[in-house]
Amino acid sequence: MSTTYNLKRADFIFRNENDWEKILNRTLQRDKQELINELISSELKGRGGAGFPTGLKWKLTSEAPADQKYVICNADEGEPGTFKDREILSMVPFKVLSAMAICGYIVGASKGYIYLRGEYRFLKTDLEKAIAEFDYYCKEIKFDFHIEIFMGSGAYICGEETALFESMEGKRGEPRNKPPFPSFVGYMGKPTVINNVETLAHTYTIFKHGAKKFYDLGVQFSRGTKLFSVSGDTPKPGIYELELGMSLQDFVDEFGDGDTKAVQVGGASGFLVPRKRFGETAIGFKGKLTGISLPTGGSMMLFNSSRSMFKVLDNYLEFFREESCGQCTPCRVGCQQLLIGIKAVKQGIKPASYLDNLLKLTETMQLTAKCGLGQSVANSFSSIVENFREEMIY
Amino acid sequence: MNQTHELITELADKHGRRRENLLPILQGVVEKENYLSDYSMIEIARALDIPAAEVYGTATFYSFLEYKPMGEFVIRICKTITCSMKGKNQILLTIKDMLKIGVGETTPDKKFSLLETNCLGWCHKAPAMLINNEMFTELSPERVREILSEFMKRPAQ
């Protein structure tokens, strides 16, 4: 097991994409099974936040029998504090398009969609130009694959994969029951590979440099690099590519302003880590790392001691209350009640012990909500209330 | 109202008349008319041959598909955590002061509407706002004044 916890910068994602035609052509000549095996051996996990092994996802879809399959690039980047996907699509769009085409070749899909969030409408024109150029090249090498952009219209929940399918099918973006999983029943009921923008960009790196190069980065169970969107109270906000597995303390030493009180790892649906836990927290997927290991879609928000954690939680809960699709009761009512509840405690209408009732409510939501939104409200809620209880009351 | 009918026919011809074409059509109408009127939603339902309630249900789900009359320029200010920490309230006050409207309101000349929205994805350059499809980041009250003055000079379409 690797014990490297230090911050290690990397530069793969934004490094030149001028050779995309060569890489695409070369990869399309290779055996499909061999490509899947390469992806599996790289141990790449989804970079949207959930961390499902990408190789396995492609393998399942490639084995699903169907006359039509789809490849979808999830660019509905809505998690507070995340802004890396926009940068990828505007800086290195051809990496993403090539990766989609390679995925299409492997799983047997001839159609790809980029689901672009409404807030990123200004990217559309340039992206369309890139797609036109890409289409032209595909025709030239006689490879049958077409990509289209589907615009979202301002709904956080549409980043959930099945809600995204519903939205593309012209319906309200309400998540479906799983199973069946998208690998078998996805967009229009057909087997669909749906990947985050960054995940696709990483597969390009893997097919270009080989799985070993990717696997050698990061730590056990959390291989490779990851883009981090750094914001909040930091002297250098922005997007950084770092190896997974670093300790949060090292991260704060690098990006903090010297007065960092807490870091929100993984956006509003992630966890808040207080200063006393920086040393024992590692950034990566769950594994056998010592201490706590937190996954993230890349959102890292720093708060210094001038910030009220009550206001932070209040802001998150308002976000969830508005973005809950309202389909299932635990999430729809739960988000509202949590927001009303913390305000009541703050104003002294309810006793401090009422916070424990609210914590129980988040547990219920975690168990009973239909999708990740309702289930993950508990993450930020409990980590803030448990670590900064006095700030919730006084 | 005939214009709306023509627009919807045009959009339906372009995108198709199946259910999965609904969102692009709704977006097309909002782009031209700034919002979805009852009439336009009924017309869309007719064009796609689906119940009007389905169109309404879908449209009202999405925060960028307005179903109340909106001004020509819709200002959306990000209110999520980082923007909120970095001075979103001052920006909002400046705009309210300049346009004399509150959040959710439209100026009497139908030129501007003011809305708050959830994370726009510019936390590293907070505070941020969107005016129609144009993005403005690292705002300060002074900069917002400049930006809005420039928009005020733009001729009505």
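Modeller: Chain A is divided into domain 1 (20-215) and domain 2 (309-393); such bounds come from an automatic or database domain assignment. This is a predicted model, in which local features need pLDDT of at least 70 and side-chain atom pairs count only at pLDDT 80 or more, while totals for chains, interfaces and linings use all residues. Residues are numbered from 1 along each chain as its sequence is written, and chains are lettered from A and ligands numbered from 1 in the order in which they are written.

The C-alpha centres of domain 1 and domain 2 of chain A lie 33 Å apart. Eight residues of domain 1 of chain A are in contact with eight residues of domain 2 of chain A. Contact means that two C-beta atoms, placed from the backbone, lie within 7 Å. On the domain 1 side, five of these residues are nonpolar, one is polar and two are charged. Here Ala, Val, Leu, Ile, Met, Phe, Trp, Tyr, Cys and Pro count as nonpolar, Asp, Glu, Lys and Arg as charged, and the others, Gly among them, as polar.

Next, a helix pair. Helices (H or I, at least four residues) and strands (E, at least two) are DSSP runs, numbered from the N terminus. α11(A) and helix α14 (residues 372-387) of chain A pack at about 175 degrees, with their axes 10 Å apart. Axes are lines fitted to C-alpha atoms, for helices over the stretch in contact, and angles run from 0 to 180 degrees between N-to-C directions. α11(A) and α14(A) are therefore roughly antiparallel. Angles over 145 degrees get that label; under 35 counts as roughly parallel, 65 to 115 as roughly perpendicular, and the rest as oblique. From α11(A), the contact includes A:Met309, A:Leu313 and A:Phe320. From α14(A), A:Val377 and A:Phe381 are among the residues that take part. By class, this contact has nine nonpolar, one polar and one charged residues.

In all, 37 residues of chain A are in contact with 30 residues of chain B. α7 (161-168), β7 (225-232) and α11 (309-323) of chain A each supply at least two residues to this side. α11(A) gives the most, with six. The chain A side divides into 13 nonpolar, 14 polar and 10 charged residues.

Five strands of chain A form an open sheet in the order β8-β7-β13-β9-β10, with mixed pairing. Strands pair if DSSP finds at least two bridges between them. β8 (238-243) and β10 (271-274) of chain A stand at the edges, each with a single partner, so one side of each has no neighbour in the sheet. The twist averages 30 degrees from one strand to the next. β7(A) and β13(A) (residues 299-304) pair in the parallel sense over four bridges. A:Val230 stands opposite A:Met300 in β13(A).

Last, the backbone. A cis peptide bond joins A:Lys178 and A:Pro179, with omega about -5 degrees. Another cis peptide bond joins A:Pro179 and A:Pro180, with omega about 5 degrees. A:Pro179 is in the loop between α7 and β4 (192-196) of chain A.
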